[in-house]
Amino acid sequence: MRNAFASEITALAATDPTLIMMTADIGNRLFDRFKDQFPDRLFNCGVAEANMIGMAAGLASGGFRPICYTITPFITYRCYEQIRVDVCYHQKPVTIVGTGSGLSYASLGVTHHSCEDIAVMRVLPGMTVLCPADAFEVRALLRASRLWNGPVYMRIGKKGEPTVHASTPELTIGKALPIRSGSEVALLSTGNMLPSAMETAGLLAQKGVSCEVVSFHTVKPLDEDYLRSAFSKFKLVATLEEHSILGGLGGSVAEWLADGDGPRARMIRLGTGDHFLHTAGEQEFAREHYGLTPAKISEAILSRLN
């Protein structure tokens, strides 16, 4: 995903002179093409993420469209006050991009995990939260975010993630994207779990269960039209994310459901549990620990469905 991000940002900068790229001591080689073409529009702010956010808010006040980029826990938790006060309070068009989200950096330990970032970012007034599923969705959402009037948070993976789309899809911020049709279970996936969601749907089909798969690339604002349809049509609605079951996509949908009326399907939230992982291991190890493999996801859905 991060290679697609760097490539797309460079292409967008060629047509948008207000685009400013900012990093926090990361991505020097990743942004070599950008630096070669636009040396005056790339700022490496060093290990000073809070300062980077403040600079971005100032640049946005001057008519620029800054993009801030670094590893997810450092660009969210470390400078949350600056995001809240400098960017959101003033409704500045700053795009904040966290790379290596969720369990992408699981082998580096909990300091590099980010399983609470959706939760803390979506509660900020005016903040839009985007979670692309693959490299193609990264490109599409970056294009859409350039036209968005206000703060945007985008969480992406690292590199080498499998793609689901064959080409860049037509995406609209706030509108879910159906990937596979079904009639019994709606599997709402956000971020890099979409390939696993597709594999899960295949496993469920072998069990005789028809599963619709939807990319919820936007967690805030939610696609309420789709949710109304899904909870009146399906037997079960499942949310899937490489994020805590508290406060992420699952929490957002549960909050929406609690405020609504009318027919309601059953619901299950699939994500990381309410505990830290104290053992270091690769991403697949961490997913196994949290029950986020296609086999365990399908088991959980079947159990809830029955």
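Trainee: How many aromatic pairs does the structure hold?

Mentor: Six. Bear in mind that this is a predicted model.

Trainee: Why is the pair of F5 and F31 called edge-to-face?

Mentor: Check distance, then angle. The ring centres lie 6.1 Å apart, and pairing needs centres within 6.5 Å. The planes stand at 80°, and over 60 counts as edge-to-face. So F5 and F31 form an edge-to-face pair.

Trainee: Why give both a distance and an angle?

Mentor: Because a pair of aromatic rings is described by the distance of the centres and the angle of the planes.

Trainee: What does the pair of F5 and F31 tie together?

Mentor: F5 sits in helix α1, F31 in the loop between β1 and α2. The pair therefore links parts that are 26 residues apart in sequence. Ring pairs also join F5, F31 and Y69 into a cluster.

Trainee: How do you know whether F5 and F31 are buried or exposed?

Mentor: Buried means under 20% relative accessible area. F5 has 0%, so F5 is buried. F31 has 1%, so F31 is buried too.

Trainee: What makes α1 mostly covered?

Mentor: Nine of its twelve residues are buried. Among them are R2, F5, E8, I9 and L12. The buried residues of α1 pack against β1, α2, β3, β4 and α7.

Trainee: How does the reach of α1 compare with the expected value?

Mentor: α1 spans residues 2-13 and reaches 16 Å from its first C-alpha to its last.

Trainee: Which residues of α3 are buried, and why are they said to lie on the same side?

Mentor: They are E49, M52, I53, A56, A57 and A60. Those residues cover an arc of only 140° around the axis, which puts them on the same side of α3. They pack against β1, β3, α4, α5 and β4.

Trainee: What follows α3?

Mentor: G63, whose phi is positive, near 100°.

Trainee: Turn to L177. Why does L177 count as buried?

Mentor: L177 has 17% relative accessibility, and the cut-off is under 20%. So L177 is buried. L177 belongs to strand β7, residues 177-180.

Trainee: Which residues does L177 contact, beyond its neighbours within four places in sequence?

Mentor: The contacts of L177 include E137, H165, V214 and S215. The C-alpha atoms of L177 and F216 are separated by 6.6 Å, though the two residues are 39 residues apart along the chain.

Trainee: Where is S215, and is S215 buried or exposed?

Mentor: S215 lies in strand β9, residues 211-215. At 1% relative accessible area, S215 is buried. With neighbours within four places left aside, S215 is in contact with residues including A133, E137, L177 and L194.

Trainee: What makes H165 and E137 a polar contact?

Mentor: Their side chains are joined at 2.8 Å, and the cut-off is within 3.5 Å. H165 is in the loop between β6 and β7.

Trainee: Why is H165 called buried?

Mentor: H165 has a relative accessible area of 12%. The cut-off is under 20%. So H165 is buried. Not counting residues up to four places away in sequence, H165 touches D134, F136, E137, L177 and I179.

Note on methods. Residues are numbered from 1 along each chain as its sequence is written. This is a predicted model: local features need pLDDT of at least 70, side-chain atom pairs count only at pLDDT 80 or more; totals for chains, interfaces and linings use all residues. Side-chain values use heavy atoms; hydrogens and water are left out. Helices (H or I, at least four residues) and strands (E, at least two) are DSSP runs, numbered from the N terminus. The expected span of a helix is 1.5 Å times one less than its number of residues. Buried means under 20% relative accessible area, exposed over 50%, partly exposed in between (1.4 Å probe, protein chains only). Contact means heavy atoms within 4.5 Å. Rings of Phe, Tyr and Trp (its six-membered ring) pair if their centres lie within 6.5 Å; planes under 30 degrees apart count as stacked, over 60 as edge-to-face and the rest as tilted. The arc is that of the directions from the helix axis to the C-beta atoms. A polar contact is a pair of N or O atoms within 3.5 Å; within protein, one must be able to donate a hydrogen and the other to accept it, and residues adjacent in sequence count only if both atoms are side-chain atoms.
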